[in-house]
Amino acid sequence: MKSSKSNQPMKFSGFGLIQNQDKDSLSRKITREADLFKVWHLGIPGINNREWMLSINGMVDKPNQFSLEDLKAFPQTSVMAFHECAGNPLYPKVPQRRVGNVVWKGVRLADLFSMVGVKEEACFVISKGFDQGIYNQKYYAEYEKDLPLTKALNPNVLIALEINDEPLTVDRGGPVRLVVPGYYGTNSTKWLTHLIVSDTRSKSDFTTKYYVDREVVDGQPKESPVWAVSPNSMIVHPQNGQLVKQEVLDIFGWTWAENPIVSVEVSTDGGENWQEAIVEARKNVEWQKFSFRWLPKSAGEYLIIARAFDSLGNCQPLTSRRNQVSRAMIFVQNSLDEKDIHPNID
Ligand SMILES: Nc1nc2c(c(=O)[nH]1)N[C@H]1C(S)=C(S)[C@@H](COP(=O)(O)O)O[C@H]1N2
Ligand SMILES: [Mo]
């Protein structure tokens, strides 16, 4: 943007989160924009769409700048994709299941890259957003992330202008944001102003301090960027704490990962026995429905658990991870009065 950033009023300052998930919104294959969670670390900037510019530079042959009108003139691609927040970066192992499934539309990043010509030595793409402000007691002049060039060239990666056929609102990262389907939401930089092609990773706190998974493997500390989404699932029906009658119950939910989910197992006894659920095949990067028909043998408490496996054989862990299994404790009511269930019985 031409105007100086520090003069730009913020619409909202500081970290924020809106999550609006009820059973009705979670039952839909495509999440309504109004029902999709929103996250911002530094604030929501004030943006003038007419002055807005995306610049692409770094290890490219012909650095260039694109206005909103320039981007609208490119071929537009739609991608239905799950959108999952990795959770609070200060507590990276705490599961949040802040997730939805939406249709993004915009320009393929690969198309812009073929126009500017990416140099052979390049390995990463650094993205910067227009927001500025304080996160965890430190001031940041911008939000900055990175991703491998190989991922950036994937045809699903978009410079998005729309969500569910509507222009992106400023809260959603508009007028233009990066969308990296298959990667955690943190990588999909909102209010995108700069893409820098590089042979090294970003040194920003949002890639080196936050959004780094730290583990000890064979006694050695291991760090990995919070990029690809690990297998995850969410039980939508029945809901945790629900009271149901002792009759056939159609358990269902959603499952997703960067790689397609190939199977989901459901346990109705707290994890002692597992059975195969039916899983919808994946077309591209959208979430997949799983369902399991079950007749409770008797009244009582049941702990239902679902666990997903992706095409690489990765499975959801039982505890201590952002993608740990989803559980629903339910209460099956004795069908004492048959008339309640079969009113026409006599
Ligand atoms: N510029 C900018 N982009 C950002 C963020 C941010 O704070 N600033 N938050 C990230 C995080 S953690 C997530 S989960 C997604 C949230 O996108 P949404 O608000 O559209 O759901 O945006 C990502 N992109
Ligand atoms: Mo996030």
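The following paragraphs describe the overall form of a predicted protein model and then some of its local features.

Residues are numbered from 1 along each chain as its sequence is written, and chains are lettered from A and ligands numbered from 1 in the order in which they are written. Because the model is predicted, local features were required to have pLDDT of at least 70 and side-chain atom pairs were counted only at pLDDT 80 or more, whereas totals for chains, interfaces and linings use all residues, and side-chain values rest on heavy atoms, with hydrogens and water left out.

The secondary structure of the protein consists of 6 helices and 27 strands, where helices (H or I, at least four residues) and strands (E, at least two) are DSSP runs numbered from the N terminus. The C-alpha trace spans about 80 × 50 × 40 Å along its principal axes. The radius of gyration is 22 Å, which agrees with the value near 20 Å that a compact globule of 346 residues would have; this radius is taken over C-alpha atoms, and the globule rule is 2.2 Å times the number of residues to the power 0.38.

Of the 346 residues, 51% are buried, a term that means under 20% relative accessible area, with exposed meaning over 50% and partly exposed lying in between (1.4 Å probe, protein chains only). The accessible surface comes to about 16100 Å², and carbon and sulfur atoms account for 50% of it; the areas were computed by the Shrake-Rupley method with a 1.4 Å probe, and for residues only the protein chains shown count as cover. Among contacts (heavy atoms within 4.5 Å) between residues at least 6 apart in sequence, 72% join residues that are at least 24 apart. The protein carries 40 positive and 41 negative charges, whose mean positions are 4 Å apart. In this count Lys and Arg are positive and Asp and Glu negative, while His and the chain ends are not counted, and the place of a charge is NZ of Lys, CZ of Arg, CG of Asp or CD of Glu.

The structure holds 0 disulfides, a disulfide being a pair of cysteine sulfur atoms within 2.5 Å. With regard to individual cysteines, Cys85 is buried at a relative accessible area of 9%, whereas Cys123, at 35%, is partly exposed.

The peptide bond from Gly174 to Pro175 is cis, with omega near 15 degrees, and Pro175 is found in the loop between strand S14 (166–167) and strand S15 (177–179). A cis peptide bond also joins His237 and Pro238, with omega about -5 degrees; Pro238 lies in the loop between strand S19 (232–237) and strand S20 (243–245).

Asp165, in the loop between strand S13 (158–163) and S14, has a positive phi near 70 degrees and is exposed, with a relative accessibility of 62%. Trp191, which is not a glycine, likewise has a positive phi, of about 50 degrees; Trp191 is found in the loop between S15 and strand S16 (192–198) and, at 1% relative accessibility, is buried.

Finally, Phe12 is placed in strand S1 (residues 10–13) and is partly exposed, with a relative accessible area of 39%. When residues up to four places away in sequence are not counted, Phe12 touches Trp40, Gly43 and Ile44. Phe12 and Trp40 are 28 residues apart in sequence, and their C-alpha atoms are 9.6 Å apart in space.
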